[in-house]
Amino acid sequence: WRSGRCRCSSGCCPGTCTHVWHYAQAVGRLFPEIERNHREHVDFGLALHGDGGVGMRAHLSGANQPADDGQCGRILGAYREHQTSTDDRFLRRTWPQIKKAMQWMITRDGNADGIVEGAQHNTLDAAWFGKIAFLASLYLAALRACEEMATEVGDDAFAATCKTIADRGAQSIVKLYNGEYFIQQPDPHHQNKIGTGTGCYIDQVFGQSWAHQVGLGRLFDREKQLSALRALWKYNFVPDVGPFREHFKLGRWYATAGDGGLLMCTWPKGGHRPEWRKAWQYMYFNECMSGFEYQVASHMTWEGMVTEGLAIARAIHDRYNAALRNPYNEVECSDHYARAMASYGVFTAACGYEYHGPKGYLKFAPRIAADHFKAPFTAADGWGAFSQTQGEAFQAKLTLGYGTLSLKRLALMTGKNRSTTVAVHIGDRQVPTTATRKDEELTITFADRAKLSEGDTLRITDRQGTDPALGR
């Protein structure tokens with residue numbers, strides 16, 4: 001891998017692009033040490049400018065300006081890398097640089113309303129202007145991540161600053177909702193600059209997708225977000241891109257006639273500006289690029305739109321059927337493109353997986369086959385398999401296949417009308433715990449941290465089945 005765009009031959013796009021690599025979830029989960037090293041020594045090392053901007057192509061001469069989406073994504077990545085650590089040493093070492101990067105974003109939000117102003121360079125290789133839901137959502141997610149990190153390191157003043165702006169931003173961003181989806185409100189002084197305007201853009205609520213990946217909770221109005229995802233399914237997903245591309249010929253052919261895919265941007269309510277066609281970046285809007293598609297698929301899956309999310313992922317899978325193309329090279333801009341590793345986010349969404357190593361917190365909330373579910377998982381210093389069954393009784397099992405795992409809290413989705421009377425064993429030894437319930441979620445807190453080693457199995461058993469007091 002010669003670059004962040006993971007290219008295996010010479011060509012375009014040098015450097016480990018912040019605005020591309022931050023889509024990828026695979027490396028951060030499967031090889032967390034690699035990503036911790038990348039954050040600390042590249043993004044918040046070589047690439048960090050004196051003012052806090054993170055060069056979007058690291059420190060490469062002439063290509064090191066920050067990109068707004070990449071800047072936010074690397075802050076979110078730092079939070080993920082902290083979560084996939086065994087302790088808080090990584091966070092404490094890098095916090096001054098992370099904070100500086102967040103302050104760079106805040107200075108671009110002159111009135112502290114949670115919406116950045118001015119030229120906003122992003123992954124579509126142009127500066128957009130105005131109020132842009134896509135970038136605002138990532139800014140909100142980065143603020144919430146910094147609020148959490150600041151709290152953990154004891155920087156309460158900065159945590160409060162981030163919270164205040166994020167709270168305002170949650171109100172500001174909904175003003176960009178047009179009744180069906182989120183848009184860009186162009187700057188009147190830059191009307192002719194390329195952007196999406198009233199278009200239904202693939203990344204319009206990307207920040208919430210990131211927030212789910214790192215357990216930040218809801219950034220802003222859920223119903224409007226669901227409406228936006230439904231609009232993407234309605235207006236941008238096509239089972240066959242052939243008729244569309246026959247009419248809209250600009251753009252690269254990552255999906256051809258007979259292929260399904262999620263289009264980058266459509267204008268179902270009008271508002272498209274003909275002068276945008278003069279910009280070479282315009283071609284992107286007609287394309288199907290797998291990394292963008294996967295982040296939407298993961299977001300839909302997190303939100304319960306499982307059929308739609310998996311259909312988008314399946315369309316990409318079918319495009320790269322080995323009889324047609326190389327299934328190990330989902331091309332986007334160039335070969336072996338890093339953004340395709342956003343695919344792992346669909347897997348974590350299907351598992352409802354959340355993890356915070358330093359806090360000893362782990363959660364599974366399967367979105368598919370919850371009655372009989374099994375999947376692998378990774379942690380800071382080990383990996384294994386999780387399974388659960390639901391029937392008259394709920395049972396779950398966590399087996400460590402390698403390394404170690406330290407747990408203080410384990411959250412599980414057990415279904416409705418269950419009791420909190422559970423027995424927890426590691427091997428044959430019963431472990432003292434307390435259990436609490438909120439709706440369908442059961443949280444088990446260990447009296448002392450549970451320490452699992454390779455080969456250990458942790459079992460959770462509902463000792464009473466369903467609770468007669470609840471009428472079941």
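Entry 1: I began with Asp 125, which counts as buried because its relative accessibility is 15%; buried means under 20% relative accessible area, exposed over 50%, and partly exposed in between, with a 1.4 Å probe and protein chains only. Before going on I noted that this is a predicted model, in which local features need pLDDT of at least 70, side-chain atom pairs count only at pLDDT 80 or more, and totals for chains, interfaces and linings use all residues. I also noted that residues are numbered from 1 along each chain as its sequence is written, and that side-chain values use heavy atoms, with hydrogens and water left out.

Asp 125 has a positive phi, near 60°, and is a residue other than glycine. I found Asp 125 in the loop between strand E1 (120-122) and strand E2 (126-128); helices (H or I, at least four residues) and strands (E, at least two) are DSSP runs, numbered from the N terminus. Asp 439 is not a glycine either, and its phi is positive at about 55°. The loop that holds Asp 439 runs between strand E16 (433-438) and strand E17 (441-453). Asp 439 counts as exposed, at 64% relative accessibility.

**Entry 2: His 22.** Is His 22 buried or exposed? I get a relative accessible area of 0%, so His 22 is buried. His 22 sits in the loop between helix H1 (18-21) and helix H2 (26-30). I then listed the contacts of His 22, leaving aside neighbours within four places in sequence: Asp 69, Gly 70, Gly 73, Arg 74, Leu 138, Phe 206 and Trp 210. Contact here means heavy atoms within 4.5 Å.

**Entry 3: H3 against H4.** I fitted the axes of helix H3 (residues 32-46) and helix H4 (residues 68-83), which come within 9 Å and cross at roughly 145°. Axes are lines fitted to C-alpha atoms, for helices over the stretch in contact, and angles run from 0 to 180 degrees between N-to-C directions. Which residues meet there? From H3 there are Glu 35, Arg 36, Arg 39, Asp 43 and Phe 44, and from H4 there are Arg 74, Ile 75, Gly 77, Ala 78, Arg 80 and Glu 81. By class, I have three nonpolar, one polar and seven charged residues in the contact of H3 with H4. Ala, Val, Leu, Ile, Met, Phe, Trp, Tyr, Cys and Pro count as nonpolar, Asp, Glu, Lys and Arg as charged, and the others, Gly among them, as polar.

**Entry 4: rings.** Rings of Phe, Tyr and Trp (its six-membered ring) pair if their centres lie within 6.5 Å; planes under 30 degrees apart count as stacked, over 60 as edge-to-face and the rest as tilted. How many aromatic pairs does this rule give? I get 22. Tyr 282 and Phe 285 have ring centres 5.8 Å apart and planes at 90°, so I logged the pair as edge-to-face. Both Tyr 282 and Phe 285 are buried. Trp 383 and Tyr 402 make a stacked pair, because their planes are at 15°, with the centres 5.9 Å apart. That pair links distant parts of the chain, 19 residues apart: Trp 383 is in strand E12 (residues 382-390) and Tyr 402 in strand E13 (residues 394-413). Trp 383 is partly exposed at 47%, and Tyr 402 is partly exposed at 47% too. I also noted one aromatic cluster, formed by Tyr 353, Tyr 355, Phe 364, Phe 373, Phe 377 and Phe 386.

**Entry 5: Lys 193.** My last stop was Lys 193, in the loop between strand E4 (184-185) and strand E5 (200-201). Lys 193 counts as partly exposed, at 46% relative accessibility. Beyond neighbours within four places in sequence, Lys 193 is in contact with Phe 129 and Trp 276. From C-alpha to C-alpha, Lys 193 and Glu 275 are 8.4 Å apart in space and 82 residues apart in sequence.
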